[in-house]
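Q: I would like to learn how to read the features of a protein model, one at a time. Could we work through an example together?

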Amino acid sequence: LSEEIATGHFGQLAIGRLQALWQVVGPLQLVSADLRRADQGYRLRAQMVGTDGVRVELTETRAAAQVRSARLTATLADGRQIERGAMARGEALFAADLELCNGRIRGGGASDGYVSEGQVIGVLELAQAINARCQG
């Protein structure tokens, strides 16, 4: 964490959350990003907009001694709110991703539920845009 903070890779540190938001909303474009550094950590706030006009805000707070957790709160266009409480870390996710990667190497295609390369590139570009806005 400290190396990523020192190099200003705040977008990359949020890549998992950005990917999840992209999957829910669709392609996102950065509107603004604000970074507040704290002792051995930071608070990132990024505002984005989807292709259909849906506005999304990601707020992420990280610190060296902080336990990792995630919570999703969303307000839909009709005003309804969706909230998903604290999500457990998925230790099996790495094994599943490794299995899919090995399948691709052996010549198999991606499964229907797997993220497309275009989506991965879009999320990486979004992370880079966040990095650029948070420099300084």
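Q: How many helices and strands does the chain have, and what pattern do they follow along the sequence?
A: This is a predicted model, and its secondary structure comes to 5 helices and 5 strands. Read along the sequence, these elements follow the pattern α-α-α-β-β-β-β-β-α-α. Of the 136 residues in the chain, 25% are buried, and among the contacts between residues at least 6 apart in sequence, 47% join residues at least 24 apart.

Q: How should I read the sheet, and what is the order of its strands?
A: In general, the strands of a sheet pair through backbone hydrogen bonds, and the pairing is either parallel or antiparallel. Here the open sheet has 3 strands in the order β1-β2-β3, with antiparallel pairing. Because β1 and β3 each have a single partner strand, they stand at the edges, and one side of each is left without a neighbour in the sheet. From one strand to the next, the twist averages 15°.

Q: Which strands does α3 touch, and where are its buried residues when seen down the helix axis?
A: The helix α3 packs on the sheet, where it touches β1, β2 and β3, and its direction makes about 160° with that of β3. Its buried residues are Leu-18, Gln-19, Leu-21 and Trp-22. Seen down the axis of α3, these buried residues fall within an arc of 165°, so they line one face of the helix. Just after α3 comes Gly-26, which takes a positive phi of about 105°.

Q: What can I check about α5, and which of its residues are buried?
A: One check is its length: at 1.5 Å a residue, the 18 residues of α5 should span 26 Å, and this agrees with its end C-alpha atoms, which are 26 Å apart. As for placement, α5 lies across β1 and β2 and runs at about 45° to β1. The buried residues of α5 are Gln-119, Gly-122, Val-123, Leu-126, Ala-127, Ile-130, Asn-131 and Cys-134, and what covers them includes α2, α3, β1 and β2.

Q: Which residues touch the most other members of the largest nonpolar core, and which elements supply it?
A: The general idea is that, in soluble globular proteins, nonpolar side chains tend to be buried together. In this model the largest nonpolar core has 22 residues, of which Leu-18 and Met-48 touch the most other members. At least two residues of this core come from each of α2, α3, β1, β2, β3 and α5, with the largest share, 5 residues, supplied by α5. Leaving aside neighbours within four places in sequence, Leu-18 is in contact with Gly-11, Met-48, Leu-58, Val-123, Leu-126, Ala-127 and Ile-130.

Q: Is Ala-46 buried or exposed, and which residues does it touch?
A: Ala-46 is found in strand β2, and it counts as buried because its relative accessibility is 0%, the cut-off for buried being under 20%. Not counting residues up to four places away in sequence, Ala-46 touches Leu-30, Ser-32, Ala-33, Val-56, Glu-57, Leu-58 and Ile-130.

Conventions:
Residues are numbered from 1 along each chain as its sequence is written. This is a predicted model: local features need pLDDT of at least 70, side-chain atom pairs count only at pLDDT 80 or more; totals for chains, interfaces and linings use all residues. Side-chain values use heavy atoms; hydrogens and water are left out. A nonpolar core is a set of buried Ala, Val, Leu, Ile, Met, Phe, Trp, Tyr and Cys residues joined through side-chain atoms within 4.5 Å. Buried means under 20% relative accessible area, exposed over 50%, partly exposed in between (1.4 Å probe, protein chains only). Helices (H or I, at least four residues) and strands (E, at least two) are DSSP runs, numbered from the N terminus. Contact means heavy atoms within 4.5 Å. Two strands pair if DSSP finds at least two bridges between them. Axes are lines fitted to C-alpha atoms, for helices over the stretch in contact, and angles run from 0 to 180 degrees between N-to-C directions. The expected span of a helix is 1.5 Å times one less than its number of residues. The arc is that of the directions from the helix axis to the C-beta atoms.
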